[in-house]
Structure formats: C-alpha cells, structure tokens
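Here is a short briefing on a protein structure. Look at the sequence and the fold first, then read on.

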Amino acid sequence: MCAAEPPLVDLTLEELVRLDVSAVSRKAQKLSETPAAVTVLSAEDIRRSGARSVPEALREVPGVNVAQIGGGRWAVSVRGLGGRFANKLLVQIDGRSVYSPLFSGVFWEALDVMLEDVERIEVIRGPGASLWGANAVNGVINIVTRKATATRDSLVSASMDDQGRAVTAVRQGIDLDGIGALRVYAKGSELERSRSVDGKSERDRNHGWLAGFRMDGAGSGVDAWMLQGASYRRTTTENIETPAVGGYGGLVPLQFEFEGASLTGRYNWGLADGEASLQVYLDHQWANVATYGKGTVNTADLDFQHRLVPSGRHEVMWGLGSRYIQTEIQATTEVLSILPPRREYRVMSAFVQDEITLVPQTWRLTLGGRFDYASTSRLEPQPTARLMWTPTLADSLWTSWSRAARTPSIGESDATILFGLQPTPPGSPFPAVAVVSKPGAGWSPRAERLDALELGYRRNLGNGSFEAVLFHHDYRRLISETTGPIGPGVIPIPVAPYYAPVQSMYRGNLSAARSTGLELGLDLPVTANLRLQASYTLMDTAARRSADPVRNAYGRILEGSAPHHWASLHTLVNLGRGRELDLMLRRMGAIGQGGVPAYTSVDLRYGWRVNRSFELALVGQNLFDPLHLEYVSNFFPGQPAYQPRRAYVQGVWRF
Amino acid sequence: MRRLYRIAILGVLGLGGFFAWASPPPGEYQIKAAYLLNFARYVEWPGVRLPSGAPLRLCILGRDPFGGVLAGLDGRQVSGREVRVRQVDSVELAAECHIVFVSDSEERRLGLILRGLALRSVLTVSDIDGFAEAGGSIGLVTEDERVRFDINQASLQRDSLRASSRLLRLGRNVIGMKGP
C-alpha cells in the first residue's frame, strides 16, 4: 500500500524533537473498538470549536441536540425527548454524576468546568445503562479532565465578549516530589445576556465562580490514585412569563442560586492478575429558587470495578456500587410544594460484562447486564447484547439490543406544581382555572423503560473517521399527566371573584413513544492543512395516542421536543505560522414545541499562537443573523430568549 | 420521511467510495513511527532477551493507528538488526516483542497491559495521555505542534532496559530520576 517510503523515518532524534506537526488534530480513537455509538471530543476539538461551555462543545456531535435557552441556560438532549432537563441523559465529570435526582436532569446553568484542563469529552449515544447505570437511557456524557501530572505548568485564561463581560480562569500546577502532582484552579465568569424578541437586552443574568484541585500519583508503579475536589456558586436570573388574566400577569424575574462542593477519590490496583478500581465521591448541592423553595441534596457514592485477566475467549468485567442520597426540600407554596420534605434513597447496583471473541479479530460478542435495586422502586434489570464484525482493520459493523431504565425523580414522585392559570371561555363563573400537577392517587412510581435497537458502521480514516448509526428506541411507562378531578382547593387571583378553582392533573407511568433515526459523523483530513468535520442527524418521534387530552398534549410535547433533522459542518484550516481559521456552519430544523423556527448559524474563529506561551483567539458567533430563537423553555414558562450576534476575544498564557 | 432515509443511505454508500481514494495526509503518525525506530536505536536490551544479530520485534498492541506507515518499515535494518513489525491482540503475544506500541484503543485496559508486560524487558511506548506517569516506558506527547516524549526511568530500570544518555537528554520529562 505504501510504495514510497516516507523520508521521515531516517530523521535523528534531535531532528524529530524539533519537527513541526502539521494538522495536529488527533481525533481520539480510544473508543473505536467499542460496539456503540461513541464520539470523543479531544481537547483540540474543544479548543477549535471556540466553545466556552460544555454544551457549546457538544454542538457538532451527531445525535446531540443543543439549544440555548438563555444566558448559560441550555437544553441538551441526545436522540430527542429532551428539553431543559433532558431526563434521559447521564452526565458525569471524572466519574461523578452531575445528574440531579431533584428534577431528573442537569442544571447546565450551574455546571461550570475549566475547559482548558478537559482532556476529552466522551459522548455515548443510546443506552449505556449496562455499564453506566440508571438514567443512562438516551446517552452518557463523560467529561474527563487531565491528570495533574499532565498539567505541571501555570495557566491564565481571560476572555471578554462584545457586551464587556469577562471570563477569567487561573490554574497552577505543583510538583509533589516523589508523590505526584497537584493543580489548583479558580474561575470566575459572567455570561452574556440574551435578547427579547424586540432585540432589547434581557434580564437573564448568570454569574458565579468555581474553584478546585486535582492530585494524581505518579511513579513506575502500576497502582494509580487520584483525589479531586471542587466548589462553586452561581446566581442566575430569568424572566417568567405569566399569562394575563384580567389585566394581571406579565414578566416576573426569578432568581436561582446554586452552591455545591464535591470530593472524589479513586484508586486503581492489580487484583488477581486483573485490574481493579475503587472510587468514592461525596457531593453536596444547595439550590434556592427565589421565595418559592430551597433544597439540599447530599450524595455519597461508592463504586468498585474489576476487570479480570482475559481467559480463553472471554474478557470479563464486573462491579458493585452503592449510592446514598439524602434530600431536604423546603417548598410549601402554592407554586411548588414537595412532600415529604426529607427523603433518603439507597441504591445498590451490580453489573457484569463479558466480551467474547467468537472469531479472533473478526467477530466479537458483548453480553452484559446491570441490576439496580433502589429503595424507592423495584429491581430494574438492564441487559445488553452487542455484536461486532470487523472484516478489515479499517471497517467495523455492529448491532445491539439494550434495555435501560430511568428512575422517577423527587419532583415527579413528590411535587405539587402550579403550571399556571388557564383562562376560561367567556361566560364561565370563574375567569380562569389553576392547572396543578400532582402525583396520581395511589400511584407507586416505576422507572421508565427503553428498549433500543442499533446498527452502526464505522470506518477508520487513519487520522479521521466516518460513522453511521441507525437507531430505533421504544419507550414504555413514560411518566406523564392525565386529567384529574376539579379540586381540592382554590388558588387566589387578583381579580373577582379573587380565587380560581384547581384543575388537577395526575402523574403516572402513562405514556409510550417510539423514535427512529439516523446519525452520521465524519472527520476527514483533506490535506495537511485542511480538515472537515461534519455531522447530520435525522429523527422522528411518535407518541402513543390516547383519549385523554392531557396525555395527548404530553405526547405532542415529546414529538416536538427536538428538530426532525440538524446538521453541522466545521472547516478547520491551518494558515501556517501558528495561525488557524475555523468556519462553523449549523443548520437546525424547526422545533414543534414552542414553535421555534428553523435557523442557520455561522461561527468564525481565528486563532493565533503568538509564541510558545501565548495564544490568542477571536470568535464571532451567529454572524449572519441578528437574532434567532433556539428553544422555548418547557419546564418554566420562561420568556423566549433570542440569541444575538456575538463576539469574544480570548487570551491564554501558559508558563 | 422514508424517502429521506433512502437518500441518506445512498449518501452513506457514496461517501464510502469517496474514502477509498481520500488518503490521510502525512503527519503525526509518521513522526511517531520515526520515533519508534530511534527508540530501537537508543535503548539496550539484556543480551538474553535480544542476542546480537537477532531480529528486533516491534509490535502494535490494539488497533493500528499508523495507517500502514509502520508496516512499511518491516524488514528495515536498525543498528545491524532487522526490524520485524507485527500487530498483536493479546498481552501474552505482546510480551514476546521488544518494543510494544500500545494503541489508544487499549486505554481502558492499560493497567492490565502494563502489569502483564512488567519485568519482561519490553519497551512500552504509547501516545495515551499520561502513559509514562502511569508506568509505561516512553510516552509520546504532542505539545506546541511538536511530538515530544516522556521517559519513565524507574520503569526502564525495573525492566532491565538501558536508555542512552542521548535519549534521556532529549526527553521532555524524565520520571524517576533524582536531581536536576
């Protein structure tokens, strides 16, 4: 195949050390052997995307739908059924789950990471439950930060946007002689505001700080350890739109405060010729929603994994886990009340996976299963079977069947939520009824269930890759609402007769849906200085119809929660002498829910590596469109936040 | 919808044909292949492990990221030895090699591999992040658009391998060495 021998191999060590690599864009191929739909974003991919937050970095991953709701507020979902709290997506930072058991989702507005020290982001689409546990239904996002032994220098990063808001981060690496290395970091940020439909600046603020450390052991030993901790605080404000009833209503600013701290430790060692790891983390979260409520969630998690030494055709891995969650919520208003205020959960889990080589280098079968036993719901077996065929070194074809479960959140099982006032037709005795969602009488919540079929093809293009995945997801026991009785109780309103009757909506495991789709991803090195990365997703969701209008409305929300198709094209050009140009094009289809029209956005990034220690980037986002809407919040009736043209400049010093 | 799928699938097939002629540009992995030959030159194996004149076995453990570049070096002479390149899938087979390049497809079983190859006089090389710190012999690191390398001197000594002073001098970090 390689007729002409590359002259590079005759170079001496001294010459090699000095040699410039053109088009360094090593797409991490680490998971290319996995029979699953996996995309790995390397640190280089993240840097070239111009992203300043995790959701922005995910915009080019096939199957992932990212929409900005406001300043720092995002709707991120994988394979649809998403929304602001996409409850079927598990997100982890260095093995610690940031999925909130309160509302089954991720508070993206409170999640901040130091992107400069992220080594990679792994995006696993489709059920990852057999390995990652409950709630890894539609996907798993693993944010992996660099080892402290790889960040021994100092770093200062500062950026400022066109509204004059700044993001500043500092990191200091410290050598612990003979022990390993430590890094400490701190980051402060204020995020850009959105616009209202008339182009005026909104009041959606988001500001806060993050500080933490990571320590890794080093040496020749094969045992490894890691200890890290982080603490944060963020304050966000968004506008809630209340429907006008009798001239009353309008925009109400709602302030959220988030605080949290976590500590994670991991130890890897050799056990019975295999490899074992033990991970422990403690996590504390506190949130306050204006005057409506506040809550704390404390989590302690213990996870053990053991990869046995391969024997014959089998490579077995097993593990045990235990999680304890304690929640305390003070919310007793008519808008939101959660009873009982205190809850304790215990989850015990076990998993086993066997990778069986059927024909060496050609056929491989993976069988696995995970069993979660939660004190609040039943035993949920989550099995998977995956078959992979690798006819050549470059091509692989795989297919899988898996089942995954999503455990009900505290919000779903315990909350009574006032959705809003529904104006009644003229002539009614009351101007409005208050729509209140509550757990159905006698409902014992069960986990939502997904059965998924997938077929995937992957081609390794040396320095790049191509991937195509077809999926069919079948969801059952989805938690939704159905029409309940009128009453009990009334809600005070400021117009005569000064109260509105309550229309109850009962929650239960009532709905079902199916979605089918195709995901395409391409990373193509064209020449040494030009690279193309493209993605395309096509999908369709259909919910089961019902005679009940409320349940049907829920079905329509599911169907309209993501566009039918979306695409991205990223052109990476190296201009030489450390100068880079990135052109990012995105096309998003219309979103049914909230009536969000389709849009196209163009982002441009110019990067200049001035010298070995200083790097400059100039980024323009949404260049040819003064204003567009990406999503309408489905959880709170937030004011639609329009995204304007933006620009920022960033400098990164390493010394 | 169905028509869209058909078009999409046709598109996939068309792309497949396109890849057949689109060859990756030269770059990182050619440099890494050149490094491997240089490591063969500047590392000394115990005589019983590699008798003089015996061929030096250079193996890739896991998926080959070199795109044929390394396989093209099969049969080359380095310091009076023939280099034999092969791809292996198991740690047992890798233990018979002199240099093992651990492909990043193997990252999740890295601990298992390093334990399996320890004390076998195998020079392990990889571009997996933090490889040398994790106990591998030499880690290739891409930094400032250059490929550099970290040496774990403690691992080399444990495996009875000797790195020349030239190699140690050019390494970015030398782990397990006292003093400056």
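In what order do the eight strands of the open sheet in chain B stand? The order is E3-E4-E2-E5-E6-E7-E8-E10, and the pairing is mixed. This is a predicted model: local features need pLDDT of at least 70, side-chain atom pairs count only at pLDDT 80 or more, and totals for chains, interfaces and linings use all residues. Residues are numbered from 1 along each chain as its sequence is written, while chains are lettered from A and ligands numbered from 1 in the order in which they are written.

**Chain B: the sheet**

- Chain B has six helices and 10 strands. Helices (H or I, at least four residues) and strands (E, at least two) are DSSP runs, numbered from the N terminus.
- Strand E3 (77-78) and strand E10 (173-175) of chain B are the edge strands, and each pairs on one side only. Two strands pair if DSSP finds at least two bridges between them.
- Strands E2 (residues 56-61) and E4 (residues 81-88) of chain B run parallel, joined by six bridges. Here Arg57(B) stands opposite Arg84(B) in E4(B).

**Chain B: helices on the sheet**

- Helix H2 (residues 28-42) of chain B packs on this sheet. Among the strands that H2 of chain B touches are E2, E3 and E4. Two residues are in contact if their C-beta atoms, placed from the backbone, lie within 7 Å.
- The direction of H2 of chain B makes about 35° with that of E8(B). Axes are lines fitted to C-alpha atoms, for helices over the stretch in contact, and angles run from 0 to 180 degrees between N-to-C directions.
- H4(B) also packs on the sheet, touching E2, E5 and E6 of chain B. The direction of H4(B) makes about 175° with that of E5(B).
- Helix H4 (residues 110-117) of chain B is mostly covered, with seven of its eight residues buried. A residue is buried if 20 or more other C-beta atoms lie within 10 Å of its own, exposed if 12 or fewer, and partly exposed in between; C-beta atoms are placed from the backbone.
- Just after H4(B), Leu119(B) takes a positive phi of about 65°.

**Chain A: strands**

- Five strands of chain A form an open sheet in the order E1-E6-E7-E4-E5, with mixed pairing. Strand E1 (37-42) and strand E5 (96-97) of chain A each have a single partner strand, so one side of each is left without a neighbour in the sheet.
- Strands E26 (residues 499-527) and E27 (residues 530-543) of chain A pair in the antiparallel sense over 14 bridges. E26(A) and E27(A) form a hairpin with two residues between them.
- E27(A) also pairs with strand E28 (residues 565-576) of chain A, antiparallel, over nine bridges.

**Nonpolar cores**

- The largest nonpolar core has 80 residues. Such a core is a set of buried Ala, Val, Leu, Ile, Met, Phe, Trp, Tyr and Cys residues joined through C-beta atoms within 7 Å.
- Leu58(A), Val76(A) and Ile121(A) have the most contacts inside this largest core. Strand E25 (residues 464-492) of chain A gives the most to this core, with eight residues.
- Apart from it lies another core, of 56 residues, among them Leu8(A) and Ile31(B).

- Gly484(A) lies in strand E25 of chain A. Gly484(A) counts as partly exposed because it has 18 C-beta neighbours inside 10 Å.
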